[in-house]
Amino acid sequence: PGLSPSTISRLKDVWKDELADWQTRDLSGQRFVYWWVDGVYLHARLEEAKQCILVVIAADETGKKHLLGLQDGWRENEASWTELLRDLKARGLTSGPKVAVGDGALGFWQALVKVYGQARCQRCWVHKMANVLNKLPKGVQKKAKEALHAIWMAPSKAEANKAFDRFLATYGAKYPKATECLAKDRDELLTFYDFP
């Protein structure tokens with residue numbers, strides 16, 4: 001009813017070799033226009049340090065998604081992201097994305113500019129909504145979540161801006177920390193409206 005230690009060890013060696021092959025594959029001639037990035041923290045009772053897995057998922061010009069990068073890093077700092085991005089570039093990925101989507105961890109954004117120059121930044125709505133809702137009382141969160149959905153689900157950027165202003169007007173006086181958290185990233189939260 002379980003795998004023997006020798007089987008587990010053999011499988012681990014196979015997977016390690018497959019990962020090494022994948023992490024060194026040639027990326028020459030490939031073009032990815034959208035990137036989604038995040039640091040994933042594993043809680044497998046490993047070590048106390050803030051080790052994480054840096055993940056880059058990309059979409060090519062046809063919209064097909066690819067797992068582009070996967071590497072362990074120290075937190076989500078600039079040095080770890082820079083190492084991953086330089087590795088992608090060294091393997092032939094000569095240009096960065098038109099739009100990168102990620103949370104507010106500054107390490108990635110600094111590394112992106114350093115390695116690939118300018119790309120448009122799109123803040124992740126999942127992360128931002130969680131941050132805003134955490135600054136509101138539980139009893140208000142359901143309605144506020146609906147109002148936040150109205151922003152990023154709007155059919156146009158003009159409508160999104162109206163919904164954004166409505167949210168700020170509705171919650172600003174009583175919950176300024178929540179509205180400040182949202183308002184400070186307004187441009188980066190609406191970037192995706194400028195793209196197909």
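Visitor: Which residue forms a salt bridge with Arg-123?
Guide: A salt bridge is counted where a side-chain nitrogen of Lys or Arg lies within 4 Å of a carboxyl oxygen of Asp or Glu, and in the pair that Arg-123 forms the closest N and O atoms are 2.7 Å apart. This is a predicted model, in which local features need pLDDT of at least 70 and side-chain atom pairs count only at pLDDT 80 or more, while totals for chains, interfaces and linings use all residues. Residues are numbered from 1 along each chain as its sequence is written, and side-chain values use heavy atoms, with hydrogens and water left out. The partner of Arg-123 is Asp-185.

Visitor: How many residues apart in sequence are the parts that Arg-123 and Asp-185 tie together?
Guide: Helices (H or I, at least four residues) and strands (E, at least two) are DSSP runs, numbered from the N terminus. Arg-123 belongs to strand S5 (residues 120-123), whereas Asp-185 sits in the loop between helix H7 (176-183) and helix H8 (186-189), so the parts joined by this pair are separated in sequence by 62 residues.

Visitor: Are Arg-123 and Asp-185 buried or exposed?
Guide: The classes rest on relative accessible area, with buried under 20%, exposed over 50% and partly exposed in between (1.4 Å probe, protein chains only). Under these limits, both Arg-123 and Asp-185 are buried.

Visitor: Which residues are linked with Arg-123 in a network of salt bridges?
Guide: The structure holds nine salt bridges in total. The network that includes Arg-123 also takes in Lys-128, Lys-184 and Asp-185.

Visitor: Where do Lys-162 and Glu-159 lie?
Guide: Their side chains meet in a salt bridge with an N to O distance of 3.5 Å. Lys-162 is partly exposed at 48% relative accessibility, and Glu-159 is partly exposed at 34%. The two are three residues apart, about one turn of the helix, and both lie in helix H6 (residues 157-171).

Visitor: Which residue pairs with Asp-165 in a salt bridge?
Guide: The closest N and O atoms of the Asp-165 pair are 2.8 Å apart.

Visitor: Which backbone nitrogen does the side chain of Glu-76 reach?
Guide: Glu-76 is placed in the loop between S3 and helix H2 (78-90), and counts as buried at 14% relative accessibility. Leaving aside residues up to four places away in sequence, Glu-76 touches (heavy atoms within 4.5 Å) residues including Asp-38, Tyr-41, Cys-52 and Trp-81. At 3.1 Å, its side chain reaches the backbone nitrogen of Gly-39.

Visitor: How many disulfides does the count come to?
Guide: A disulfide requires a pair of cysteine sulfur atoms within 2.5 Å. The sulfur closest to that of Cys-52 belongs to Cys-124 and is 15 Å away, too far for a bond, while the sulfur of Cys-181 is 13 Å from its closest cysteine sulfur, also in Cys-124, and again too far. Cys-52 is buried at 2% relative accessible area, as is Cys-181 at 8%. The number of disulfides is zero.

Visitor: Which residues make the nonpolar surface patch of about 240 Å²?
Guide: Patches take residues with over 30% relative accessible area and no salt bridge, joining like charges within 9 Å and nonpolar side chains (Val, Leu, Ile, Met, Phe, Trp, Tyr) within 5 Å, with areas from the Shrake-Rupley method and a 1.4 Å probe, only the protein chains shown counting as cover for residues. One member, Leu-67, lies in strand S3 (residues 65-74) and is partly exposed at 41% relative accessibility. The patch is made by Trp-36, Ile-57 and Leu-67.

How values were computed. Polar contact = N/O pair within 3.5 Å; in protein donor to acceptor, adjacent residues only side chain to side chain.
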